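User: I am new to reading protein models. Please take one part and walk me through it slowly.

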Amino acid sequence: MLSAVKLAVVTMALLLDQIEWGNPILPAVDDPAWEAEAKRRVGRVGEIDRRVAPNPWVRELCVAAVSYQPAHVPMRLFNIAGFVTAQENACRYCYGANRAALKVMGFSETLIRQIERDAAVADLDTRERAVITFCRNLARAKPRPSRAALEQLVDLGYSNAVANELALLIASFCFYNRIGVLTACPPERAFERFANGPLGRVMGAVAPLMARLRRPSRPVADDFGEFAAGPFGGLVATLAGLPAARIVKTALDGAFASDVVSRPTKALMFAIVGRALDCRYTEAEARALLAADGYDAASVDAAVRTLADARLPPREAPLLSWVRDTIHYQTGAVQARTRALLNDIGRDATLEAIGVAALANGAVRLAMLLA
């Protein structure tokens, strides 16, 4: 029932000009072939694309996340969710880009400010306010919402398909926001200026018409068994029928197949994020991966508890305590720690670690679909 739906959000997120943001941590890398591919699929090459270019699975997931067209979630909710999640995660890069996108999509400055400051007074209907609250709570994960939160959206009249895809989108945004934060990616200031200029206002005026002409992605017929195989297959299988299922599977397979950072280190990173956010599924799946590499339950318990494991390559040892800092963070502090990590382990390992940390944080939030 509507009266049972909790709309309150405990604390207000930072506004755009309140976010501490350092100089870029990773350098932009020229890769003409990859830039051409990114431009073909997204329409432009962003600052993030140039900074993740050296890592195949991270760059592929970044482009897939940006170019994803929802099959069930309306574009208006899609844009609001991206904006709110970026604000919650204090990603200056994504927050600025999403705020500009709302302007181009026809949202007034007044409405954007209302959403930023207090959804309860925004010029939105009850269902949209409930979505904003759900976005904030899942992004924040203090505590991580259970599947009951999705059922509350269904009680308000959203379909199961919309609610499930919304959870997927927020998890995807959380991944991308952490890529932005942990690379300290410079903002897309040209786009921000465009959105606030005369051409941006023209685009905003015609955006409602363009939105009506946009066709959503079509659900796809998938092989459930194929998705259930591989790392975190049970989670991927819940997405069968959505275009995102193959995207998530490709990312997880690619992450655990890469040898830039060792597989046990990556599995422990997932286990640490899962434990911190009370996600039994993620921790159990990470333990299964570690068992295949010779870890017993006591060894995993010790590593997760102490954030250390003597069997890991020495240069990867700092990643266990570092990934714990990527769950709930102060932006300036986590960027400083990541910059120090870059000095210790180099660009390639730092980029892969950033990708793994972002993917683990997204996966744990997506796992709300399971319980």
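Analyst: Start with the ground rules. This is a predicted model, in which local features need pLDDT of at least 70, side-chain atom pairs count only at pLDDT 80 or more, and totals for chains, interfaces and linings use all residues. Residues are numbered from 1 along each chain as its sequence is written, and side-chain values use heavy atoms, with hydrogens and water left out.

Now the whole chain. The protein chain has 20 helices and zero strands. Helices (H or I, at least four residues) and strands (E, at least two) are DSSP runs, numbered from the N terminus. Of the 371 residues in the protein chain, 54% are buried. Buried means under 20% relative accessible area, exposed over 50%, and partly exposed in between, with a 1.4 Å probe and protein chains only. Contact means heavy atoms within 4.5 Å. Among the contacts in the protein chain with a separation of 6 or more, 73% are between residues 24 or more positions apart.

Zoom in on helix α5. It covers residues 92-104, which is 13 residues. From first C-alpha to last, α5 reaches 18 Å, close to the 18 Å expected at 1.5 Å a residue. The expected span is 1.5 Å times one less than the number of residues. α5 is mostly covered, with 12 of its 13 residues buried. Among them are R92, Y93, R99 and K103. C94, G96, L102 and V104 are buried too.

A90 sits in the loop between α4 (75-88) and α5. Its phi is positive, about 50 degrees, although A90 is not a glycine. Most residues other than glycine have a negative phi, and most peptide bonds are trans. A90 has 10% relative accessibility, so it counts as buried.

Look at what comes after. α5 is followed by G106, with a positive phi near 100 degrees.

N79 lies in helix α4. Leaving aside neighbours within four places in sequence, N79 is in contact with L102 and M105. L102 belongs to α5. N79 counts as buried because its relative accessibility is 11%.

Further along is another loop, between α7 (126-140) and α8 (147-155), and P143 is found there. A cis peptide bond joins K142 and P143, with omega about 0 degrees. A141 is in the loop between α7 and α8 as well. A141 is not a glycine, yet it has a positive phi of about 55 degrees. At 4% relative accessibility, A141 is buried.

Last comes helix α20 (residues 347-366). Its 20 residues should span 28 Å at 1.5 Å a residue, and its end C-alpha atoms are 28 Å apart, which agrees. The rest of the structure largely encloses α20, because 18 of its 20 residues are buried.

How do α15 and α20 meet? The axes of α15 (residues 263-276) and α20 come within 9 Å and cross at roughly 40 degrees. Axes are lines fitted to C-alpha atoms, for helices over the stretch in contact, and angles run from 0 to 180 degrees between N-to-C directions. The α15 side of the contact includes M269 and F270, and the α20 side includes V356 and L359.
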